[in-house]
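Me: I would like to learn how to read a structure feature by feature. Could you walk me through this one?

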Amino acid sequence: MNIFARTAVAAAFAAMALGVSAASATDITFYYPIAVGGPITKIIDGYAAEFSKAHPDITIKPVYTGSYQDSIVKAMTAAKAGNSPDVAVLLSTDMFSLIDDDLIEPYETIATSEADKAWIKSFYPAFMENSQADGRTWGIPFQRSTIVQYWNKEAFKAAGLDPEKAPATWDEMIAFGKKLTKKDASGNVTQWGIEIPSSGFPYWLFQALAIQNGATLANQAGNKVAYNDPKVIEAAQFWADLGQKYEVQPKGIIDWGTTPKDFFEGKTAIMWTTTGNLTNVRKNAKFAFGVGPMPSKVHGGSPTGGGNIYIFKNTDKAKLAAALQFARFLTTPEKAADWGIATGYVATRPDAWETEAMKKYAAEFPPAVVARDQLKDAAAELSTHDNQRVTKALNDALQAILTGAKPAKPALDQAQEEANRLLASYKH
Amino acid sequence: MAPAGPFGEGMRKAAISIHVQGWLLALPAVVLLATFTHIPAVSTIIDSLFSTPHGKRPAVFIGFDQYRTMLADPVFWQAFNNNLLYALITVPLAIALALAMALLVNSRISGRAALRLAFFTPTILPMVAAANIWLFFYTPDYGLLNQIIRGFGFGGVNFLGSTATALPALMVVTVWKEAGFFMIFFLAALQQVPPDLYEAARLENAGRWQVFRRITWPLVMPTVLFVAVNALINAFRVVDQVIAMTGGGPNNASTLLLFYIYQVAFSFWDSGYAAALSTVLLLALATVALAQFFLLDRKIHYR
């Protein structure tokens with residue numbers, strides 16, 4: 001035998017030995033997206049290493065999968081090719097798509113001990129609305145958010161407003177907005193009163209207005225929407241009026257991505273965006289700013305948003321058990337607090353706010369508490385079967401209304417009709 | 001070694017072995033093309049006749065139902081019309097601009113090399129990077145274009161945020177990006193034109209327009225066809241800048257066919273309908289290519 005043959009044989013034996021030892025440990029593939037700034041990859045890798053240290057028989061392989069949209073595409077295509085991840089953080093609104101494709105395991109079938117059952121009940125009810133359907137729990141809240149308003153205190157002072165008070169009602173939004181909107185000598189606006197972004201996913205910000213007006217956009221079963229409810233039409237009209245009638249907001253579509261920049265540059269005095277931007281605003285605003293809950297019409301309120309932890313179906317019971325262990329590890333009160341502080345997401349369970357780290361953070365930076373306190377008024381983010389298509393019908397209608405291409409009622413009637421058609425096959 | 005057979009058989013054997021050799025030589029390319037182009041194309045056409053499988057519901061044969069849905073789908077028609085408009089406007093503009101730039105940098109002017117490089121730069125940039133640069137140009141209020149408009153005392157324009165301007169804004173990016181690339185082809189074509197033709201024209205006292213119309217244009221015509229086919233196919237393959245700049249909005253105003261296919265396939269997870277849309281795109285492109293090669297070919301001067 002020459003040297004090559006011997007090496008090859010040795011390598012084959014080594015590979016066999018490795019194969020045996022690898023089979024005795026459980027490998028868990030974990031897909032996660034990044035939707036906010038900060039060293040997210042480092043934090044997640046740290047969590048995975050910490051977990052593997054405590055559970056030497058389980059190896060976590062974290063895979064960064066891009067944006068939320070990239071992540072669902074990767075998870076779905078991998079699953080369809082028979083190579084699904086074991087655990088993934090995906091949008092809470094992807095729940096029905098994942099159920100319909102029979103890809104995820106409900107937590108009730110794997111989380112069977114008393115401690116497991118108590119764990120499922122330990123999260124804020126507002127976050128669970130997007131995590132349960134058909135009486136079962138499909139997702140566990142991980143990186144969740146709500147919409148809040150940020151305001152520029154210096155601009156408020158300059159306009160003769162109380163810098164400590166954000167608009168608390170729709171009427172105040174208009175009144176404050178008129179005072180805050182400034183024009184130069186030739187009549188061009190140099191500072192807008194308010195910006196509510198409307199590119200990409202206008203339905204989410206619009207849903208806040210709809211909730212405030214007392215409307216609910218979809219039922220819990222995810223097979224019925226109320227796009228042309230008179231209260232929804234009124235909310236859409238109000239949003240369009242902010243730009244077209246009251247002229248306190250730019251006309252047309254306002255880009256989600258540049259809204260924080262507009263705020264930093266003083267182009268708008270108030271902006272609506274996710275609590276996930278808290279750390280970003282804290283770092284980049286060169287002026288005193290405030291963070292407040294949403295204003296109210298009938299009542300206050302915001303949709304929740306963000307990602308849940310899903311466990312994918314697997315015939316290997318050991319993998320499911322290991323996946324559950326990891327999901328529980330990621331959502332302990334300490335981890336929930338740590339993740340919230342690092343990213344700006346709302347810590348997902350009440351006892352996370354009782355940890356020392358969280359108490360200290362909340363004392364140092366009171367705006368962090370605003371999103372939590374708003375949870376009592378929060379409702380599930382719009383989510384249905386055939387979710388992205390049903391949502392797109394509303395997005396298109398809203399953009400048509402905001403650009404002045406269509407009046408509110410016919411646009412939303414059409415969206416309703418489209419949604420009815422899409423959801424017809426999901427009515428049991 | 002076997003004894004040589006009769007003359008005729010030897011010839012036949014040689015002919016067969018030449019065919020076998022030929023196929024063997026072509027094999028790697030054939031396998032690659034088949035695996036990544038032909039088989040997917042055929043299976044796409046087959047998939048378009050089935051419903052989309054979901055979880056426990058398998059795909060069932062539904063004939064031309066997906067195509068009927070398409071005919072009734074207003075977003076498909078908008079994407080289709082947008083794409084036609086996109087092709088009809090960007091292709092001639094990109095060609096005209098490319099030819100003009102090529103003529104400029106082909107003439108004897110100082111700083112010619114720098115100018116050539118400048119015109120070619122947009123081509124080197126990845127589309128996503130270019131889209132992001134233009135995203136800044138188009139930003140309302142403090143974006144470059146709006147600052148210029150305001151400098152002249154006009155009100156701001158929300159280029160990507162209104163239905164009337166979103167698609168034209170994307171067209172501008174495409175023309176800017178493609179013209180530099182096509183310029184290279186025209187530059188090569190111009191340098192192939194025999195100088196004695198221009199000398200003869202000068203002797204005849206021909207005007208500049210006449211020289212262009214009677215000499216340059218006919219001689220670069222094959223390049224025009226080549227570039228036009230490529231530009232037209234590119235116009236139906238646009239997706240990067242739509243995703244990066246508008247997401248197809250507002251209200252589908254900037255949705256193009258390939259973007260819509262992407263959306264149906266990877267946002268709506270309706271693979272059956274996406275396959276039907278892809279089939280239509282495939283047919284449209286095949287028609288374009290065939291029409292150009294067979295109809296226009298005859299009117300073009302080849303040396």
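This is a predicted model: local features need pLDDT of at least 70, side-chain atom pairs count only at pLDDT 80 or more; totals for chains, interfaces and linings use all residues.

Me: Let's start with helices. How do I describe two that pack together?

Reply: Two packed helices are described by the angle between their axes and the distance between the axes. Take helix α3 (residues 74–106) of chain B and helix α7 (residues 166–192) of chain B: they pack at an angle of about 40°, and their axes are 6 Å apart.

Me: Is α3(B) roughly parallel or oblique to α7(B)?

Reply: Angles under 35 degrees count as roughly parallel, and at about 40° α3(B) is therefore oblique to α7(B). The crossing of these two helices, α3(B) and α7(B), is right-handed.

Me: What kinds of residues make the contact of α3(B) with α7(B)?

Reply: The contact of α3(B) with α7(B) has 20 nonpolar residues, four polar and one charged.

Me: Can we try a pair in chain A? At what angle do α15(A) and α16(A) pack?

Reply: Helix α15 (residues 333–343) of chain A meets helix α16 (residues 356–364) of chain A at about 30°, with 8 Å between the axes. With the cut-off for roughly parallel at under 35 degrees, α15(A) is roughly parallel to α16(A). The crossing of α15(A) and α16(A) is left-handed.

Me: Which residues make that contact between α15(A) and α16(A)?

Reply: From α15(A) come Ala337(A), Asp338(A) and Ile341(A), and from α16(A) come Ala357(A), Met358(A) and Tyr361(A). By type, the residues of this contact are five nonpolar, no polar and one charged.

Me: Now the domains. Into which domains is chain A divided?

Reply: Look at the residue ranges before anything else. In chain A, domain 1 covers 3–145 + 305–377, and domain 2 covers 147–303 + 384–426. Taken over C-alpha atoms, the centres of domain 1 and domain 2 of chain A are 31 Å apart.

Me: How many residues does each domain of chain A give to the contact?

Reply: Domain 1 of chain A gives 23 residues and domain 2 of chain A gives 23 residues. On the side of domain 1 that touches domain 2, the elements giving two or more residues are α4 (95–100) and α17 (367–374) of chain A. The largest share of that side, six residues, is from α17(A). This side of domain 1 of chain A consists of 10 nonpolar, nine polar and four charged residues.

Me: And between the chains, how many residues are in contact?

Reply: Count each side separately. Here 24 residues of chain B contact 26 residues of chain A. The side of chain B that touches chain A has six nonpolar, 15 polar and three charged residues.

Me: What should I look for in the backbone?

Reply: In chain B, Gly249(B) and Pro250(B) are joined by a cis peptide bond, with omega about -10°. Pro250(B) sits in the loop between α10 (240–245) and α11 (257–266) of chain B. Asn251(B) lies in the loop between α10 and α11 of chain B, and has a positive phi of about 45° although it is not a glycine.

Me: Where in chain A does Asp386(A) lie?

Reply: Asp386(A) is in the loop between α17 and α18 (387–402) of chain A. Asp386(A) is not a glycine, yet its phi is positive, about 50°.

Me: Are Asn251(B) and Asp386(A) buried or exposed?

Reply: Count the C-beta atoms around each; a residue is buried if 20 or more others lie within 10 Å. Asn251(B) has 24 such atoms, so it is buried. Asp386(A) has 22, so it is buried.

Me: Which residues does Thr246(B) contact?

Reply: Leaving aside neighbours within four places in sequence, Thr246(B) is in contact with Leu160(B), Ala166(B), Leu170(B) and Ser254(B). Thr246(B) belongs to the loop between α10 and α11 of chain B, and counts as buried because it has 28 C-beta neighbours inside 10 Å.

Me: Where is Ala276(B) found?

Reply: Ala276(B) is in helix α12 (residues 271–295) of chain B. Ala276(B) has 27 C-beta neighbours inside 10 Å and so counts as buried. Not counting residues up to four places away in sequence, Ala276(B) touches Ser48(B), Gln66(B), Tyr67(B) and Met70(B).

Terms used. Residues are numbered from 1 along each chain as its sequence is written. Chains are lettered from A and ligands numbered from 1 in the order in which they are written. Two residues are in contact if their C-beta atoms, placed from the backbone, lie within 7 Å. Ala, Val, Leu, Ile, Met, Phe, Trp, Tyr, Cys and Pro count as nonpolar, Asp, Glu, Lys and Arg as charged, and the others, Gly among them, as polar. Axes are lines fitted to C-alpha atoms, for helices over the stretch in contact, and angles run from 0 to 180 degrees between N-to-C directions. Helices (H or I, at least four residues) and strands (E, at least two) are DSSP runs, numbered from the N terminus. Angles under 35 degrees count as roughly parallel, over 145 as roughly antiparallel, 65 to 115 as roughly perpendicular and the rest as oblique. A crossing is left-handed if the near helix is turned anticlockwise from the far one by less than a right angle, and right-handed if clockwise. Domain bounds come from an automatic or database domain assignment. A residue is buried if 20 or more other C-beta atoms lie within 10 Å of its own, exposed if 12 or fewer, and partly exposed in between; C-beta atoms are placed from the backbone.
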